[in-house]
Each structure stands twice: as C-alpha cells, then as structure tokens.
Amino acid sequence: MADSLICCRGLSKAYGQRPALQGVDLELGRGRIVGLLGPNGSGKTTLIKILCGLLRPTQGTVTVDGQAPGVYTKSIVSYLPDRMYFADWMKATDLFDLFADFYADFDRQKAMDMCRSLGVNPADRIKTMSKGTKEKVQLVLVMARKAQLYLLDEPIAGVDPAARDFIMNTILTNYNETGTVLLSTHLISDIERVLDEVVFLQYGRVILHNSVDNIREQEGKSVDALFREMFRAVPMEGGRF
Amino acid sequence: MLGKLLKYDFRSVSREYMLLWPAALVIALVMRFTIFARLDTVEDNLLANITNVLTVFIYVAVLVAMFIITLLFIIQRFYKGILGSEGYLMNTLPVRPWQLVTSKLICAMVLLLVSMAVAGLSVFLMIPISLQDIIQVDFSMLWDRLMEVFPSFLLLVAELVLCSLVGMVASITQLYFSMALGNLFGKNRLIGSIVSYVGISMVLNVLYTVVSMVLSFSAIGSQYRWDLDPALFFHAITWFAILSSAALAAIFFFGTTYILKNRLNLE
Amino acid sequence: MEWKLTDNRPIWMQLSEQLTRRIVAGQYPPGAKLPAVRELAADAGVNPNTMQRALAQLENDGLAVSNRTAGRMVTEDAAVIEAVRRELARKITKEFLSAIADLGYTREDVLALLKEEEEHG
C-alpha cells in the first residue's frame with residue numbers, strides 16, 4: 001500500500017489547444033471524504049476521468065495506490081460518471097452480474113439490500129425505469145463495492161433536496177471506511193458537513209486544499225461562503241474558456 | 001477476463017438473433033412445402049402466384065435483414081458500446097483495451113459466420129432435392145478428373161476459406177479503426193468515422209491497384225509467366241491475399257487498441 | 001434532540017458541544033453506552049471522521065471513556081458531569097446577563113424581571 005492514495009504531479013491535460021488542467025499537484029490520503037469543488041469548466045470532470053483511466057494526461061504523472069491508471073487501479077476504483085452508462089437490453093440484475101464478474105469487491109447482497117431500501121425493483125428492465133431510478137441503480141452499483149477509491153462526478157446535481165439528502169446518506173453509510181471518497185460538485189452547502197477536506201479548482205489549477213474545519217476555524221465562515229467569495233468575480237472576468 | 005467480456009457481448013445481441021436465425025429457417029421450410037412443392041404441378045391461379053411472390057419476398061427480406069442487422073450490430077456494438085456512453089462502463093472495467101476489442105471482434109465473427117451458415121442451410125431446406133438426386137450424379141468421375149488437373153485442390157479450398165476469414169477480420173477491424181479514428185474528431189465523431197472509413201478504403205484501393213499493376217508487369221517481363229504451374233499461381237495469389245489482409249487486420253487492430261488506450265476521448 | 005449546525009464554526013466543535021449537552025441533560029446517562037461513531041455520524045449527517053473528533057474531545061473533557069471491549073461510554077463519575085453542567089449553566093447565565101445589560105437593565109431590574117416571569121409565565 002502506498003502512503004497516499006492519490007498522487008498527482010504537474011498534471012496537465014489539454015483538449016487540442018484548450019487547457020483543462022494546468023500543473024495540478026495533489027495528494028490525498030485514505031479514509032477521507034473529499035470535495036472537489038469549482039465552477040463549471042474548472043477541470044473537475046477531467047481530473048476524475050484521468051483518475052479512473054478514461055483520459056490520459058498530456059503532461060505530468062498520476063498514481064492511484066502507487067500505480068499509474070490501468071487494470072490494477074480500475075479494479076480498486078469505483079466510478080460514478082456524470083451520465084447514464086447503461087445498455088438498453090439490461091436489467092439491474094444483469095448489471096449486478098457484470099459487476100460481480102469483473103469486480104472482486106462487489107457485494108451483490110449489499111446491492112440487493114440497497115435496492116430494497118431505495119425502492120428499486122432490480123428485475124425491471126433499465127429501459128423502462130425513470131431517470132431518477134436509473135440514477136439510483138448507478139449509485140447502488142458504485143456504493144455496493146468495497147473500493148479503495150470512490151470517484152463520484154456530480155452525484156447530487158439535478159436532484160431534489162430530499163433525494164440529495166438520501167444520496168449523501170447512502171454514501172455516508174456505505175462507503176468503505178479505509179477507502180477515500182472524492183466527489184465533485186458545485187453545490188457545496190448541502191454536503192459541506194460530510195466532507196473532511198476540500199479541493200478548489202479554478203481554470204484547471206488547485207487554488208485551495210484544506211480541511212473543512214480548518215477553513216471554518218481560520219476564516220470564520222463556511223466553505224460554501226468562502227467558495228462564493230472566491231468565485232464571485234469569475235463571470236465578470238470572462239473570455240477564458 | 002476475455003471470456004467474461006464475451007459473455008456480455010453475446011448476451012447483448014442474443015435477443016435479436018434468437019429471433020432472426022430461426023425465422024430464416026422456418027420461412028425456408030415453409031417455402032419448401034408451398035412454392036417448391038408445387039413447381040411440377042403447374043398451377044396458374046392468381047392467389048397461388050401472390051402467395052408465392054409474397055413468400056419469396058419475405059424470405060429475401062429476412063436474409064437481407066439478417067445481414068444488414070449483423071453489419072449494423074457490428075458497428076453499433078462498438079460505437080455505442082465502447083465509444084459511446086456505455087464506454088464509461090466498459091472502459092473503466094479492469095480489463096485491457098485489446099481484450100475489449102478482441103471480445104467485440106470474436107462476437108462479430110461468430111454473428112457473421114452463423115448468419116452465413118443459416119443462409120446456406122435455409123437454401124438447402126428450401127429446395128426439395130432428395131439425396132438420391134445428388135448421388136445419381138457421378139461425382140467420383142468428376143473428382144478424379146479434378147485431382148488429375150489440380151492435385152492440390154483441397155489445399156486451395158482450405159486456403160480460400162482462410163483467406164475469406166482473414167478478409168472478414170480485416171473488414172471488421174477496418175470498421176473499428178475508422179470509428180476509433182472518428183473518436184478523435186471531437187464533436188464530429190460520426191462524420192469523422194465515415195470520413196476515416198472512406199479514406200482508408202480509398203488508400204487501400206490505390207495500393208491494391210498499384211501492387212497488382214506492378215505484379216502483372218513484372219510477370220509479363222519475366223519468362224516464367226507461361227511456364228508457371230497454374231496451381232502454384234493460384235496458391236501464390238491466395239497467400240498474397242491472406243498475408244496482406246492479415247497485415248491490414250493487424251494494423252487496424254493495434255491502431256484501435258492504441259487509440260483506446262492513449263487517445264480515448266468520450267463525449 | 002435535533003442536531004443544529006451553523007456555518008461559521010468548525011463542525012466538530014459544534015458536535016462535541018451538542019453531545020456534551022446531551023450528556024449533562026441526562027439523555028445519555030452516566031455509565032451508558034454511546035452510539036457508534038458511524039451511527040451518530042449518519043444521524044447528524046456528518047462525516048464519521050468529524051464525529052470521531054468530536055467524541056475524542058468528549059474524552060479529553062473527561063465526559064466519555066473508551067473501553068476496548070464495550071466501546072465508548074459516558075463517564076460514571078457524576079462529579080465530572082456535574083462540573084461541566086455547572087460550567088455550562090454559568091456560561092449561559094453570563095451571556096444572558098451581558099445581553100440584558102446591553103438593554104440598560106441593572107441587576108435589580110433583572111431580578112425583578114425574573115420574578116415577574118416566574119409569576120406570569
């Protein structure tokens with residue numbers, strides 16, 4: 001086991017001419033819940049995609065549990081994308097089969113239990129499910145694994161406050177205690193109290209990395225308030241996309 | 001891991017084919033007892049004609065549908081399944097890119113081959129020739145004559161089968177490689193895929209023309225041309241086709257896995 | 001009792017204060033077993049590490065003791081609990097007095113006010 005779970009050194013990624021990440025240095029430990037915060041287009045999704053092996057960095061290095069993204073890291077990373085990834089023909093139970101086949105840490109019983117408590121019938125065809133139900137199935141798949149690293153891309157965007165509480169509660173009660181949760185969002189006030197630490201991204205750079213309680217102690221205000229202050233001027237600057 | 005991938009690739013297409021393949025065979029059987037059973041008894045009423053035409057039409061439609069659907073599946077299972085939103089699932093599984101591509105390729109080959117077998121079998125089922133009719137033809141005479149002229153005929157048949165198999169692999173991997181290239185085109189990935197496919201085909205056409213011209217010129221120039229054993233000539237041509245298709249398939253395959261590994265850019 | 005968390009102070013401090021109140025108010029009596037960290041964290045909707053830190057503070061204050069086999073319990077030392085309770089009461093009183101003094105009330109006014117409140121309320 002490497003000391004830090006995630007280690008990024010000088011990490012950069014550009015899509016053609018457009019930079020998405022610029023020299024990110026970041027180290028995250030184990031057993032933490034970390035918020036990846038930043039306005040739209042700040043590089044949150046790009047960083048998460050690099051960590052789960054969907055994108056290759058243009059420059060710099062990244063390791064997860066001491067290894068570059070690859071087959072090993074994919075086996076210990078549980079990833080919730082910001083979109084649906086289901087094939088039409090599947091039922092939730094087909095997806096459970098698939099996860100059980102490919103991920104040694106997938107707990108099928110737990111997935112069934114979570115479905116029951118979420119009111120999802122796992123025998124239903126995905127095609128016939130509502131958007132909210134599909135999101136729940138995806139959350140179940142991700143949280144029923146005993147992963148080292150959970151990468152959750154905007155897990156609470158576009159859901160109502162009740163569902164948001166529910167999702168946060170599901171994450172809190174189901175994540176692996178020795179694992180780390182990294183979740184990206186721009187809705188901080190709702191989740192601030194579940195976070196250990198936060199990473200602020202702006203224009204693809206890390207501009208703040210500290211624990212929530214340190215921020216509150218030093219600034220005398222919530223992370224949400226600090227976030228609003230730091231990014232208030234952003235729309236006015238303009239032209240940097 | 002490859003076996004597990006194959007399991008899901010086959011499951012993703014099983015519903016459609018469990019319907020298509022039996023349908024083709026059943027319709028062929030129906031035709032055997034309707035149209036072809038009446039061939040000798042000349043019936044000339046309108047209703048019978050209409051049913052005949054209709055049955056033939058349905059049969060042809062099913063066969064055409066089978067191959068079009070197979071082609072579409074081969075494209076769609078790769079485009080959507082690896083480069084579309086399903087790619088978020090498949091590309092984060094703890095498997096290597098070559099395993100993903102190989103699984104899709106094997107699945108595609110099986111679909112194609114079984115579809116061809118079904119088409120062949122349906123023709124056999126459809127036409128009511130009794131076994132005796134076939135045996136009446138004296139094959140042994142024909143065979144002896146053939147062996148005399150072309151002793152390595154069986155070998156050539158085997159080579160031709162191999163040639164078409166490798167050719168199929170090359171065609172499928174060309175589709176995959178074009179889609180992988182299209183993935184690099186950012187917002188215009190569909191157009192990018194089509195342009196890539198057409199582009200590769202054109203380059204290959206030019207290459208083939210040049211190579212065959214060079215070969216025929218050199219053949220004319222050499223005095224061996226007329227002395228050459230025709231059998232040897234066929235073998236040589238076939239092996240040239242096999243090896244060139246294999247080389248192309250390898251380029252397409254590794255090009256695809258390289259892009260999936262290093263240049264993947266899902267929307 | 002509901003958990004109330006405000007925005008401007010560290011969450012663990014607020015949690016430990018509210019746990020302290022629960023103990024001195026008798027919701028968790030002396031010697032009682034405290035709920036597990038995860039359970040408390042889920043109930044308050046906070047990170048388990050944060051709750052852990054709040055509970056560690058309780059141990060520092062002598063209000064809770066960790067037992068390797070039985071988990072975390074409220075102290076059986078009633079004197080400690082009483083002392084903390086007393087201190088809290090004094091703090092509240094001080095705050096009250098300072099707030100009421102800002103309105104221009106003297107000590108005598110305050111006593112009269114308290115009496116009046118007791119009779120009418």
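Three salt bridges link chain A and chain B in this predicted model. One of them pairs B:Arg11 with A:Asp97. Their closest N and O atoms lie 3.8 Å apart, inside the 4 Å cut-off that defines a salt bridge.

Which elements of chain A give two or more residues to the side that touches chain B? They are helix H2 (71-76) and helix H3 (92-102). H3(A) gives the most, with 7 residues. By residue type, this side of chain A divides into 18 nonpolar, 1 polar and 7 charged residues.

Now take the interface as a whole. On chain A, 26 residues are in contact with 26 residues of chain B. The size of an interface is often given as the accessible area lost when the parts come together. Here chain A and chain B bury about 2,600 Å² between them. Carbon and sulfur atoms account for 61% of that area. Three residues stand out on chain A: A:Leu54, A:Trp89 and A:Phe102. They supply 28% of the area that chain A buries against chain B, more than any other three residues.

Chain B also carries a nonpolar patch on the surface. Its members are B:Phe67, B:Leu113, B:Met116, B:Val157, B:Val161 and B:Leu165. Together they have about 430 Å² of accessible area. Helix H4 (97-126) and helix H7 (153-182) of chain B each supply at least two of the patch residues. H7(B) provides the largest share, 3 residues. B:Leu165 is found in helix H7 of chain B.

How values were computed. Residues numbered from 1 in each chain as written. Chains lettered and ligands numbered in written order. Predicted model: local features only at pLDDT ≥ 70, side-chain atom pairs only at ≥ 80, totals over all residues. Heavy atoms only, no water. Contact = heavy atoms within 4.5 Å. Buried area = accessible area lost by both parts, 1.4 Å probe. Salt bridge = Lys/Arg side-chain N within 4 Å of Asp/Glu carboxyl O. Helix = DSSP H or I, 4+ residues; strand = E, 2+ residues; numbered from the N terminus. Nonpolar A, V, L, I, M, F, W, Y, C, P; charged D, E, K, R; others polar. Patch = residues over 30% accessible without salt bridge, like charges linked within 9 Å, V, L, I, M, F, W, Y side chains within 5 Å. Areas by Shrake-Rupley, 256 points an atom, 1.4 Å probe, with all protein chains shown as cover.
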